[in-house]
Amino acid sequence: CFLWAFFSFGNFWSTSNVTVPMLVGEPVEVAQKTLKEMNLKFSIDEIASDDIPAGQVISQTPVGGASVKEQRIIHLTVSKGGAVILVPDLKGLTLDQAKERLEKLDLALGAVENGSDQSQPAEIIISQSPQSFSKVAKGTLVNIVINLRQPVNVPNLVGMTLADAKNALDSVHLTLGTISSSDGITADDSAVVLAQNPTGGVSTNESSVNLTIGKKEKTQKKTGSVNITIPKNGNSRHVVIYIIDDNGKSVSYDQQVKPGSTVNQSVSGIGNVKVQVLIDGNIVQDREL
């Protein structure tokens, strides 16, 4: 009994502190995913409720905002429904998760429409009808809207300060993902981006970009531009612009370009900077900035 009580609180030897997220009101699947991503564990107790839809978190221990060690177990109390059928909150769930939740409640999936919210991850539900907490009859159809984020071009952040990188991501409705340090520097706004994933210039449906940061180098950032016009006659051309600098090689631009179109692309790099331009796989420019 003593050993069970000890280990139920997780790894006491972890040195990393994390802030417990606020999970009350979230679908339990979303709560579980959030905790796993933060290196926290969880346990679940279900209780009957006529006021909270089945599968929704009613309470949590420790509460949201508390500081705990990684691997700590967060205890979730989840509604298992009651005599009245309440429409669950499906927002944040995938289509398969929503189907499973509705089937458990004797409800059914209705119309599935596509929407677009650049601030939310792709392939999750962003709205529903009837709304959550609505009291409905058995077999009621619940209509949903699935988020299909429009692809966006990832800006090249290498060489920028963390503050400038945040602004560049905000401008294209992307957010900062994980931030790792190459030399122990803290993630303040003066840190410099050394690497990123996805790389700059690629098109992505993801909502965030992961960064590796480090100390500001003495070498200066160099900037320039590439201007290319595709002939009006013929087919579209595949244009790729590479930046090769002290931090390695990265993609600044990668698109199919229609005949007669002009590509005006700002480019930058740190230290010794070379720009390579390829059209349909053939190098047409290879120069120093």
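1. Lys249 and Tyr242. In this predicted model, the charge of Lys249 sits over the face of the Tyr242 ring, 4.2 Å from the ring centre. This counts as a charge over a ring because NZ of a Lys has to be within 6 Å of the ring centre and within 35 degrees of the ring normal.

2. Aromatic pairs. A pair of aromatic rings is described by the distance of the centres and the angle of the planes. For rings of Phe, Tyr and Trp to pair, their centres must lie within 6.5 Å. By this rule, zero aromatic pairs are counted in the model.

3. Secondary structure. The protein contains 19 strands and four helices. Helix H2 spans 28–37 and strand S10 spans 175–181; both come up again under the pocket.

4. Overall dimensions. The radius of gyration is 25 Å, whereas a compact globule of 289 residues would have a value near 19 Å. Taken along the principal axes, the box filled by the C-alpha atoms is roughly 70 × 50 × 25 Å. Of the 289 residues, 37% are buried.

5. The largest pocket. Its volume is about 680 Å³. The lining consists of 22 residues, and those nearest the centre of the pocket are Lys33, Glu37, Pro121, Ile124 and Ser207. Two or more lining residues come from each of H2 and S10. H2 gives the largest share, five residues.

6. How many residues in the lining of the largest pocket are nonpolar, polar and charged? There are 13 polar residues, five nonpolar and four charged.

How values were computed. Residues numbered from 1 in each chain as written. Predicted model: local features only at pLDDT ≥ 70, side-chain atom pairs only at ≥ 80, totals over all residues. Heavy atoms only, no water. 1 Å grid on protein atoms, 1.4 Å probe; cavity = no way out; pocket = protein on both sides within 12 Å on 5 of 7 lines; lining within 4 Å. Points joined across faces, edges and corners; volume = space filled by probe spheres on them. Nonpolar A, V, L, I, M, F, W, Y, C, P; charged D, E, K, R; others polar. Phe/Tyr/Trp six-rings, centres within 6.5 Å; stacked < 30°, edge-to-face > 60°. Rg over C-alpha atoms; globule rule 2.2 N^0.38 Å. Buried < 20%, exposed > 50% of the residue type's maximum accessible area, 1.4 Å probe, protein only.
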